[in-house]
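This report covers selected local features of one protein chain.

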Amino acid sequence: MTGREYHPFTYYGAKDAENIIVAMGSVTSTIKEVIDYKIAQGEKIGLISVHLYRPFSEKYFMKVLPKSVKRIAVLDRTKEPGANGEPLYLDIRDLFYGKDKAPIIVGGRYGLSSKDTTPAQIISVYNNLALPEPKNHFTISIVDDVTFLSLPLLPEISVVPKGTFEGKFYGLGSDGTVGANKNSIKIIGDNTDKYAQAYFAYDSKKSGGITVSHLRFGDQPIRSSYLVGTPDFVACHVPAYLDKYEMLRGIKKGGTFLLNSIWDAEETKKRFPDDMKKILAEKEIKVYIINATKIAEEIGLGNRTNTIMQAAFFKIANVIPYELAETQMKKAIVKSFGRKGEEVVAMNKAAVDRGGELEQITIPADWKKIVVKPAELKKDIPEFIQKVVEPINLQKGDDLPVSAFLNREDGTFPAGTTAFEKRGIAVHVPEWISENCIQCNQCAYVCPHAVIRPFLLTAEEVKNAPAGTVTITGTGGTKEYQFRMQVSPLDCTGCGNCVDVCPAKTKALVMKPLESQLAEDARFDYMHKKVGYKDTVLDKNKSVKNSQFAQPLFEFSGACAGCGETPYIKTITQLFGDRMMVANATGCSSIYGGSAPSTPYCMNKEGHGPAWANSLFEDNAEYGLGMLVGVDKMRQRIHEKMTAVMNDVAPETKVVFQEWIDNMANSEASKVASEKVLAALKKEKHPVTKDILDLKQYLVKKSQWIFGGDGWAYDIGYGGLDHVLASGKDVNVLVLDTEVYSNTGGQASKSTPVGAVAKFAAAGMRTRKKDLGMMAMSYGYVYVAQVSMGASQNQYFKAIKEAEEYPGPSLIIAYAPCINHGLNVGMGKTQHEAKLAVECGYWHNYRFNPLLEAQGKNPFELDSAEPNWNKFQEFLMSEVRYSSLSKSFPQEAVELFKRAEDDAKWRYNGYKRLASRDISK
């Protein structure tokens with residue numbers, strides 16, 4: 001019917017080809033593009049595509065093989081360690097074994113590390129075939145300077161059909177760039193005869209990470225199965241990216257660059273780095289600017305510049321008539337934002353109308369003469385950061401040679417690499433107003449990224465501080481010191497939660513433009529490195545305020561601005577981080593907790609910090625238990641060795657050995673005893689000294705934590721979690737409950753309450769939320785707490801201390817407002833939203849401590865006050881995950897929201913009964 005033929009093998013290329021490639025899969029479409037390009041230049045090359053691999057037919061292969069072929073390169077995406085070659089290569093070799101005039105056959109691997117295979121790499125394969133002695137067992141797409149198997153990386157070229165438009169759009173996760181580009185492709189594809197293609201590359205960070213949209217459209221079919229490398233059009237939606245990324249890399253001569261610039265034309269030209277200036281001039285690039293950031297703020301869209309930039313793109317790209325594009329953009333707005341209300345629709349339509357506020361910049365011709373100086377090597381950062389971490393963060397990870405990863409074969413990365421990123425993604429950051437500050441440290445407690453910290457300074461430290469450093473006299477136990485609340489502006493995501501929670505009569509923090517706060521970067525560096533963390537002046541375990549003088553050992557993560565999860569983790573590391581071990585289930589907390597090259601878990605000045613590793617949804621709890629069991633075995637070995645030699649070591653050694661044995665299960669006491677043991681062993685002559693020193697990392701009792709989200713704890717990993725809690729072992733579990741699969745796209749979980757809209761529950765969740773805490777309490781020997789930091793900072797603080805001290809399994813379920821909730825007030829008020837959740841009865845705070853029962857007390861303490869149920873429905877309507885149901889299914893919404901409130905009352909009444917229980921009967 002279609003005229004399409006199906007064969008085990010098909011041939012594409014010159015009929016008299018001498019050099020051909022044999023391959024299968026998506027790489028063949030790229031090879032065909034190169035063949036068309038090269039044949040037009042007179043070369044005799046071709047491709048045999050494999051469509052049926054098993055059974056492998058010699059008959060059908062020979063049927064399509066041109067008689068003229070002299071050399072064959074076989075490409076495979078698999079790697080067979082220890083084999084003489086990859087499977088397809090061996091099959092092709094076997095076809096010609098013993099035959100006269102057999103062609104030269106070489107094999108190669110592509111797609112290593114999931115890298116794209118580009119036209120330039122395929123050209124390199126054909127160039128290799130043309131050599132007198134072609135390299136065998138080669139690789140492409142990498143620089144292999146260890147085994148030297150890679151073919152040369154050639155400059156990228158464009159081989160798409162003439163008239164095909166290629167564009168790249170650089171955005172910030174959550175600014176709407178990706179969504180706008182998806183709409184652009186639909187508009188072009190649905191309203192013209194053009195072929196369209198789009199691919200979206202995301203950073204591993206959450207909403208604050210970089211996104212790059214790759215768009216193609218043209219009058220002929222698009223076969224390119226690789227990212228855009230030679231764009232006609234580049235748009236930068238984030239001004240901070242100008243001196244970070246090589247956005248103009250590969251841009252075609254006469255192309256177009258669109259920049260969201262917060263500066264006027266002359267200032268913008270000054271901001272261009274020299275390498276960009278030279279490219280703009282040499283390639284005669286047309287440059288347009290628009291202050292989409294300012295326009296978005298004026299309209300009320302916050303940081304969502306997407307619609308403005310989309311309109312600007314259609315205005316200058318001339319892909320389709322602008323009037324048609326404008327009409328279709330506004331239709332798409334209604335479809336995309338209709339459920340969020342007329343106000344949101346109207347704002348986005350206004351954004352389209354203002355997308356024409358463009359200004360073209362004239363590029364000076366003398367920029368062609370600029371001599372670009374090599375970037376200076378930074379002497380104050382570790383070699384690994386400079387040679388591996390920074391290139392990856394600058395989107396140059398694919399350029400790294402194999403040698404960069406020597407001695408990293410096990411996949412471990414150094415701790416604390418996020419401290420070197422300095423992303424500078426915030427438009428506004430907090431400024432400390434010293435005269436208004438009451439030194440409560442609440443801003444530091446709730447900061448999702450640990451970018452605002454209190455410091456205590458001596459007179460000498462104040463004297464040596466950078467010029468302009470303002471301090472105030474400490475209060476209470478810190479009155480002997482000067483106090484300063486310090487912000488790290490380039491690490492801040494600009495959420496504003498610190499300002500929101502500040503209880504001072506006149507706010508001690510105000511949001512100011514990032515540019516005005518850049519001097520604080522050096523000041524933060526001084527405070528962090530020179531002043532340090534005086535967490536012994538006050539007992540950090542005594543209060544929320546005191547705890548914030550301790551160094552956060554979880555900092556600058558890739559979590560969303562305003563994330564409701566990360567403040568919980570940060571506080572735990574401040575109390576127990578120097579002896580923590582963490583098993584982290586896959587999910588948001590694993591992505592912002594450790595995606596190469598970003599490791600936010602860091603060390604203190606003694607070199608101690610959390611040991612962190614990620615495992616899967618289905619086995620993370622068991623993984624954490626395994627960590628604990630392994631460490632316990634090593635500590636038991638120390639116990640046995642000490643016990644066996646008690647009468648053979650020096651008297652003073654015997655005393656400290658006994659002290660360690662008596663306190664080995666006590667967290668803080670074991671730290672003291674361990675120091676005494678190490679001091680005694682310096683003088684001890686018994687051979688046991690070496691054995692114990694070999695195991696010294698296990699002397700201090702570890703604080704074993706298991707982190708994960710509700711998708712893990714309530715659903716996929718529940719069986720393992722239940723097993724671990726039932727084991728009675730001393731593990732601490734933190735469930736970051738967003739009530740939805742936040743990391744994988746917003747699917748409903750068993751934690752999703754009735755009435756909430758999520759994927760697989762588009763018409764509202766119909767079943768009651770699973771009560772994980774009640775299920776764990778039924779064992780009777782598991783410590784359980786349900787917490788909401790925004791509702792009670794102290795209650796959470798008590799819960800983590802009690803959980804860690806409890807000599808058995810503990811479970812903390814933490815309410816975490818999330819970007820998936822669609823908060824009407826925005827992610828700058830996640831703490832406020834968490835407070836409202838408890839006030840209205842949506843969430844309930846409690847603690848269940850089995851130790852209290854032995855003291856004749858009720859182990860269950862309800863920490864929430866009587867809810868104001870009149871606020872419940874108002875709370876639901878403050879989040880898009882609920883309010884959108886009213887727009888889509890209004891009648892069902894009324895019924896489901898009533899059920900949601902009834903469920904909340906049912907849960908609360910159950911907790912009240914537990915709290916009022918008389919355990920003496």
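Two strands are taken to pair if DSSP finds at least two bridges between them. In this predicted model, strand 12 (residues 286-290) and strand 13 meet that condition, since they pair in the antiparallel sense over 3 bridges. Ile-289 has Glu-359 of strand 13 as its bridge partner.

Both strands belong to an open sheet of 7 strands with mixed pairing, in the order 8-9-7-10-11-12-13. Strand 8 (195-202) and strand 13 (359-361) are the edge strands, each pairing on one side only. From one strand to the next, the twist averages 20 degrees.

**A residue in the sheet**

Strand 11 (residues 256-260) contains Asn-260. Asn-260 is buried, with a relative accessible area of 0%. Not counting residues up to four places away in sequence, Asn-260 touches Cys-236, His-237, Pro-239, Ile-290, Asn-291, Ala-292, Thr-293, Thr-305 and Met-309. Its C-alpha atom is separated by 27 Å from that of Ala-419, which is 159 residues apart from Asn-260 along the chain.

**Helix 16**

Which residues of helix 16 are buried? In this helix (residues 520-531) they are Glu-520, Arg-523, Phe-524, Tyr-526, Met-527 and Val-531. Seen down the axis of helix 16, these buried residues fall within an arc of 160 degrees, so they line one face of the helix. In general, an α-helix has 3.6 residues a turn, so residues three or four places apart point the same way. The buried residues of helix 16 pack against strand 15 (452-457), helix 14 (459-463) and strand 17 (482-487). Lys-529 and Lys-530, on the other side of helix 16, are exposed.

**Aromatic pairs and charges over rings**

A pair of aromatic rings is described by the distance of the centres and the angle of the planes. The whole structure holds 40 aromatic pairs; two of them are tabulated here.

| Pair | Centre to centre | Angle between planes | Class |
|---|---|---|---|
| Tyr-53 and Phe-56 | 6.1 Å | 80 degrees | edge-to-face |
| Tyr-568 and Tyr-796 | 4.8 Å | 80 degrees | edge-to-face |

Tyr-568 lies in helix 18 (residues 566-576) and Tyr-796 in helix 27 (residues 793-805), so their pair ties together parts that are 228 residues apart in sequence. Tyr-568 is buried at 1% relative accessibility, and Tyr-796 is buried at 0%. Tyr-53, by contrast, has a relative accessible area of 22% and is partly exposed, because buried means under 20%.

One aromatic cluster is formed by Tyr-815, Tyr-842, Trp-843, Trp-869, Phe-872, Phe-875, Tyr-882, Phe-897 and Tyr-908.

Charged side chains also lie over rings. Lys-32 is over the face of Tyr-12, 5.5 Å from the ring centre. The charged end of Arg-216 sits over the ring of Tyr-226, at 4.9 Å from its centre.

**A buried loop residue**

Is Ser-557 buried or exposed? Ser-557 is found in the loop between helix 17 (544-547) and helix 18, and with a relative accessible area of 1% Ser-557 is buried. Leaving aside neighbours within four places in sequence, Ser-557 is in contact with Arg-423, Pro-448, His-449, Thr-566, Tyr-592 and Pro-600.

Note on methods:
Residues numbered from 1 in each chain as written. Predicted model: local features only at pLDDT ≥ 70, side-chain atom pairs only at ≥ 80, totals over all residues. Heavy atoms only, no water. Phe/Tyr/Trp six-rings, centres within 6.5 Å; stacked < 30°, edge-to-face > 60°. Buried < 20%, exposed > 50% of the residue type's maximum accessible area, 1.4 Å probe, protein only. Helix = DSSP H or I, 4+ residues; strand = E, 2+ residues; numbered from the N terminus. Lys NZ or Arg CZ within 6 Å of the ring centre and 35° of its normal. Axes fitted to C-alpha atoms, helices over the stretch in contact; angles between N-to-C directions. Arc of directions from axis to C-beta. Contact = heavy atoms within 4.5 Å.
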